[in-house]
Amino acid sequence: MAFMSARFIFITGGVCSSLGKGVTVAALGCLLENRGYRVSLQKMDPYINIDPGTMSPYQHGEVYVTDDGAETDLDLGYYERFTSTSLSRAHSVSTGQIYNAVIQRERRGDYLGRTVQVIPHITNEIKNRMMELTRNDDVDFAIVEIGGTVGDIESVPFLEAIRQMRRERGREGVCFIHLTLVPTITVAGEAKTKPTQHSVKELLTFGIQPDLLVCRVSTPLSVDLKDKLGLFCNVKEENIISASDIKGSIYEIPEMYRNEKLDIRVLDHFGIEPRRLNFKKWQDILEITRSPKKTVRIAICGKYIALQDAYRSIYEGLMHGGIANHVEVEFVSVDPEELEKETSAAEAFKGVHGILVPGGFGNRGIEGKLRAIHYARTKKIPFFGICLGMQCAVIEFARSELGLEEANSTEFDPKTEHPVISLLEEQMGLEQKGGTMRLGSYPCVVVEGTLSHKEYSQTKIKERHRHRFEFTLKYKEQFEKAGLTFAGTSPDGQLIEIVEIKNHPWFIGCQFHPEFQTRPVKPHPLFAGFVRASSKLAK
C-alpha cells in the first residue's frame, strides 16, 4: 500500500489526565487488527525530556523498552500487548526529540538562514514523525495518541500539527477521536456533560472538531445524555461512545469497545465497509479470566510498589502467566525497606505462593530484597528475579553459600571486596546517563537440560535488556561448584543471562526483562512457568 492511502486516527484527551487514552488506542488497534486491517500505533508525548529513561518511576511509571533499545512511555506496552505489532523508537516521540532535531538542523544551516519557528518548522517535524509510520510500515491505519490534556500549553504544537494533517489529507484521510470525562455527582447520582462540553470547546479553539467522542463514565450514557452531548459538541449521537468503568480484567476493554461499535464508527467515518471481526482469541482469554480454577498469590518485592504503574508490565506478565494456567493471580506488595526494619520475611510472605523481585536502580531496599530471596530459596517458594532481581539473587547466594560475606554489586558498594556484579570494563568512565546501558534485544543461548530450557523449549532466544551491571565472570567457577547453574549466556559466553538453583521447585533469575515480550494471547514462557510452579502451592 502506498503511504498516501493510509488513514490517520488521532486520539486526544480532555478534562483530566489518566482517562485511558493509551488503552483506548491499544483496544482500537486490537479491534481493527482482528478485522484484518494492518495497524501502526504511535505515542506523542509533550514533555521536553528526550525520553522517559532518566525519569523517576514515581513521575512517569515504568520505562518500556522496544527491540531496538528505545526507552519509551508505558503506553507502548499496551500497544504491543493488545496487537501483534512490534514497535520501535519511531513509535515514541517527545517534544524533546522534536526540538532537538530541529535545533540540530538549524545548527547545520539546513534552514538557509531563515527564522526557525514553531510553525512551520516544529509542526513540520511532528508531521514528518507521524508520516514516518506509513513510510516504514505497510499499514491501513496509523493510530496516534496525543499525550497530555487539551488545554496544556505543552500540547499546542501537536494539536496544530494534527489540524494541518486534516487540512492536507481531508476528512477521508483523518479521523479525530476525543476522549473525555463525564463525571457523576455522587450525591445526586447525576452524570454531568459540562466538562466534556468545555473540553470540546477548548479543542475547537485549535481548529479541531472531533468526529467521535469517547466518554469515560461509571455507567453507559443514556440516550438523553448522548443527545445532549451531540447537540452541544456537534457530534453525531451514534459517534458518542461510552467508555464504562471495567470491573474485571483490563482485557475486557476491547470487548467493551466492540459492544459500543467504536471500530465500526471509525470505519464508517472513512467510508469503509467493515470486514468480519475474528474475536475468538480474546473471547477465550476473557473466559479464562472470568472463570479461573483457583487464585495464586504472588508477592512483588520492589522499591516502587507504592505506584502500580512503576511495574505495569510485570503485573501484566503475571496476569498472562495466570491466563496460561487458567488461574487468577492476586498481587501482594512487599516493601523491601520494611524487610530491613522490623517486618520479618515469614510475616511479609505469609500465605504467598511465589516471590518476584523486579528490576530497578539504586541501593535503596537492597538488603530487604536479599532477605526476600533468602527466604524464597531456603523455604522452597518459587522465585523469579528480573534484572536487578537476578543480581540480588547472585549476591545472596554468594553471601550464604560461598561464604563471601562482603559480596556485593559495585553499583551499591564500589569498593566491595567481592564484586560479583560489576560494570563491564569498557563501560567504566562513561558519564552520560544511559551511556552505560545495555538496551534493546540481545540473543541468548539457553543450556539444554536446565529448567529454563524446559520452559522455553529452545536453545536460541532473544530478549530485551535495560541495565548497566553484569555478573563478574571470574566468579563463575566458584558459583558453579556451590550449586548455582548458569542456564543462559550471550552467544560468546561472556555475559550471564540466566541463573538457576538446583533442587528447588522453581528458582530463576534473568538479566533481561521478559515482561516486555509477553502478550495475553502468547504468555511469556518464564511467566507461565513461574505461575504454574506457584499454583502448585495454592489450594
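1. A salt bridge here is a side-chain nitrogen of Lys or Arg within 4 Å of a carboxyl oxygen of Asp or Glu. By that count, this predicted model holds 38 salt bridges. A few of them are worth a look with you.

2. Start with Asp73 and Lys43, whose closest N and O atoms are 3.1 Å apart. The pair links distant parts of the chain, 30 residues apart: Asp73 sits in the loop between strand S4 and H3, and Lys43 in strand S2. Asp73 is buried at 6% relative accessible area, and Lys43 is buried too, at 4%. Both belong to a salt-bridge network that also takes in Asp45, Asp75 and Glu145.

3. Asp75 leads on to helix H3 (residues 75–82), where eight of eight residues are buried. Among them are Asp75, Glu80 and Arg81, along with Tyr78, Tyr79 and Phe82.

4. Next, Arg438 and Glu497 form a salt bridge at 3.4 Å. Arg438 lies in strand S18 and Glu497 in strand S22, so this pair ties together parts that are 59 residues apart in sequence. Arg438 is buried at 6%, and Glu497 is buried at 0%.

5. Asp284 is partly exposed at 33%, while Lys280 counts as exposed at 52%.

6. Helices H4 and H5 each supply at least two of the patch residues. Tyr99, found in H4, is partly exposed at 31%.

Conventions: Residues numbered from 1 in each chain as written. Predicted model: local features only at pLDDT ≥ 70, side-chain atom pairs only at ≥ 80, totals over all residues. Heavy atoms only, no water. Helix = DSSP H or I, 4+ residues; strand = E, 2+ residues; numbered from the N terminus. Buried < 20%, exposed > 50% of the residue type's maximum accessible area, 1.4 Å probe, protein only.
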